[in-house]
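Student: I would like a close look at one residue in this protein. Please start with the whole and then zoom in.

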Amino acid sequence: MAICTKCGNPKVIINRKQSGQSLCKECFIESIRRKAIKTIKKEKLLEKGDKVLVALSGGKDSVTLLDILDTFRKRNIIDICAVTVDEGIEGYRNEGVEIAIRHAERLGIEHKVVSFKDSFNITLDDMMKIPNHRGSCTYCGVFRRWIINRAARDFSATKIATGHNLDDETQAILMNYLEGNVDNLTKIGPKTESKSPLFTPKIKPLREIPEKEIGLYALAKDLEIHLAGCPYSQESFRGEIGEILKNLSKEHPTIMYSTLRGFDKIKEALKKENKGNFASNTCFICGEPSSNEICRACTFLNELNKN
C-alpha cells in the first residue's frame with residue numbers, strides 16, 4: 001500500500017509518475033502552493049505593492065490561481081482585483097460567471113464582468129454562425145486579451161495574472177512550432193511585457209503545474225469551480241494538440257516538462273533572431289495599442305461585419 005513520501009500518511013490522493021512521489025491531501029496542497037511560489041520567485045513575477053488583475057473565468061485554473069495569489073494579499077504583499085469575460089456561449093458561460101462573482105464577493109476584492117456583446121456587439125456564438133470564420137479560439141483569444149488589457153488599466157493594475165498551466169504552455173509551444181509562427185513563440189513565457197505603456201505585463205504563476213494537478217488542488221481545497229469545458233475547444237487545433245500530448249504523456253510522463261524546459265532554454269535565442277520593429281502605435285479605430293494602424297480585434301470585427 002502506498003504511503004505519502006513526505007509524511008507517511010497512508011491516505012494518498014496522488015501518485016506522480018513523473019517524480020515517483022505519492023502524496024496525501026495536505027502534502028499535495030502544500031506542494032502545489034510551493035511550486036507556484038517557486039515560479040513566482042524564480043521569474044520575479046510579483047513585486048511588493050503590485051495590484052494584480054486576475055483573469056477569473058470560474059474554472060479550476062483561474063480559481064486555483066486566485067486562491068494562491070490570495071496568500072500574498074493576506075500578507076499585504078500585493079492587492080488583487082479580477083475581471084471575468086463573458087464570451088457569449090449559450091449554456092456554458094453563465095455558471096462560470098456566477099462562480100467567479102461568488103469568489104470575488106467571498107474575498108472582498110474588486111471585480112467586474114465584461115461581455116463580448118457589450119464590448120463588440122457580437123457574441124462568440126454569433127461569430128461561429130458566420131461563413132468563413134477564422135475559428136473560435138482565434139477570435140476568443142484576441143477579444144479576451146483586448147478586454148482584459150483594458151480592464152487592467154481601468155483598475156490601475158500593475159500585472160495581469162492568468163491561469164495558464166503546463167498543458168496550456170506546451171500546447172502553445174507545439175502549435176506555434178508546427179505552424180511556423182516564430183513571432184508567437186517568442187511571446188510564450190512566464191512573463192510577457194511590451195514597449196507600449198498601454199499594455200499591462202502578464203504573468204503565469206501556474207505554468208509549471210499540470211492541468212490534472214490543478215484540478216485536484218481545487219477539489220482537495222473544496223474550491224467551487226466551473227467543471228464544464230468550452231464546447232468549441234475540441235474543434236480547435238489546440239484541442240488536437242492537447243490530445244497528442246496527453247497520449248504521449250501516458251508512456252512518457254515527463255514529456256511536457258522537458259518540452260517546456262527545452263523551449264525556455266532557446267527562447268532568448270529566438271527573440272534575438274526574430275527582433276521585430278514594433279512601433280508603439282494605437283489603433284485608430286479603438287485606441288488600443290497596436291503595431292499596425294488597425295489592431296487585430298478591430299481587423300476581425302471588420303471581417304465579421306463584411307461577412
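Tutor: Start with how the chain folds back on itself. This is a predicted model. Take the contacts between residues at least 6 apart in sequence: 69% of them join residues at least 24 apart.

The protein holds 12 helices and 10 strands. The C-alpha trace spans about 65 × 40 × 40 Å along its principal axes.

Now the surface. Of the 307 residues, 49% count as buried. Charges come next: there are 49 positive and 41 negative ones, and their mean positions lie 6 Å apart.

Now zoom in on T39. Where does T39 sit? Its place is in helix α1, which covers residues 25-42. Is T39 buried or exposed? The relative accessible area of T39 is 2%. Buried means under 20%, so T39 is buried.

What does T39 touch, leaving out residues up to four places away in sequence? The list is K44, L45, K204, P205 and E208.

T39 belongs to helix α1. T39 is buried at 2% relative accessible area. Its contacts include K44 and L45, and also K204, P205 and E208.

Terms used. Residues numbered from 1 in each chain as written. Predicted model: local features only at pLDDT ≥ 70, side-chain atom pairs only at ≥ 80, totals over all residues. Heavy atoms only, no water. Helix = DSSP H or I, 4+ residues; strand = E, 2+ residues; numbered from the N terminus. Buried < 20%, exposed > 50% of the residue type's maximum accessible area, 1.4 Å probe, protein only. Contact = heavy atoms within 4.5 Å. Lys, Arg positive; Asp, Glu negative; His and termini not counted. Charge placed at Lys NZ, Arg CZ, Asp CG, Glu CD.
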